[in-house]
Amino acid sequence: MDRANRVMSGTWGELWLDGEKVADVYKFQAKRTANKEKIALCGQMATDTKTMSTEGTGSLGIYKTTSYMNIKVGDALEKGQDPRFTLMGKLNDPDAYGAERVAIYNVSFDDETVADWEAGNIGKMECPFTWTSREFLDKVEV
């Protein structure tokens, strides 16, 4: 890194849900966790590990402006369905070395926020999810 202004700012983030831009998003995170088993090896005191599987989790935060997520997720859950989606996040800070786009596949939202508000506070919704695969469509490289 040659200058601090190369650090990417989330201000320039964008998100699409099944090809539709989510205009009221204010944060997006997707992580992959390694599920490991402990392995004891002869001749050493330290326990090692072996990755047996992975788990994709994440969350998106949206400002409460419409009932969009209730319609996309909640209506299907109400019918006993498990809807699956594709999320595509983009971070394109004009000071950065380039833009990054990543697609998250087989997204399953964990819950539906039916109501959550308080006088004097901005309406926000946290939407946790799980996923199974990802693809970097654009990568940032120096």
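Two bridges join strand E6 to strand E7 (residues 124-131), and the two run antiparallel. Strands pair if DSSP finds at least two bridges between them. Helices (H or I, at least four residues) and strands (E, at least two) are DSSP runs, numbered from the N terminus. This is a predicted model, where local features need pLDDT of at least 70 and side-chain atom pairs count only at pLDDT 80 or more, while totals for chains, interfaces and linings use all residues. Residues are numbered from 1 along each chain as its sequence is written, and side-chain values use heavy atoms, with hydrogens and water left out.

**Strand pairing around E6**

- In E7, Thr 130 is the bridge partner of Ser 108.
- E6 (residues 100-109) also pairs with strand E5 (residues 85-91), antiparallel, over 6 bridges.
- Lys 90 has Arg 101 in E6 as its bridge partner.
- E6 pairs with strand E8 (residues 133-138) as well, antiparallel, over 5 bridges.
- Phe 136 in E8 stands opposite Val 102.

**The nonpolar core**

- A nonpolar core is a set of buried Ala, Val, Leu, Ile, Met, Phe, Trp, Tyr and Cys residues joined through side-chain atoms within 4.5 Å.
- Buried means under 20% relative accessible area (1.4 Å probe, protein chains only).
- The largest core has 18 residues, and Leu 60, Ile 62, Met 69, Leu 87, Val 107, Phe 109 and Phe 129 touch the most other members.
- Strand E1 (13-17), strand E4 (47-63), helix H1 (68-78), E5, E6 and E7 each supply at least two residues of this core.
- Val 107 touches Pro 83, Arg 84, Phe 85, Leu 87, Phe 129, Thr 130 and Trp 131, not counting residues up to four places away in sequence; contact means heavy atoms within 4.5 Å.

**Cavity and pocket**

- On a 1 Å grid over the protein atoms alone, a cavity is a set of points where a 1.4 Å probe fits but cannot get out; a pocket is an open set with protein on both sides within 12 Å along at least five of seven lines; lining residues have an atom within 4 Å of a point.
- The count comes to 1 cavity of 30 Å³ or more.
- The largest cavity holds about 40 Å³ of space.
- H1 and E7 each supply at least two residues of its lining.
- The largest pocket holds about 510 Å³.
- Its lining has 24 residues, of which Glu 14, Phe 28, Gly 89, Lys 90 and Leu 91 lie nearest the centre.
- Strand E3 (25-40) is among the elements supplying at least two lining residues, and E3 gives the most, with 8 residues.

Methods. Buried means under 20% relative accessible area, exposed over 50%, partly exposed in between (1.4 Å probe, protein chains only). Grid points are joined across faces, edges and corners, and a volume is the space filled by probe spheres set on the points.
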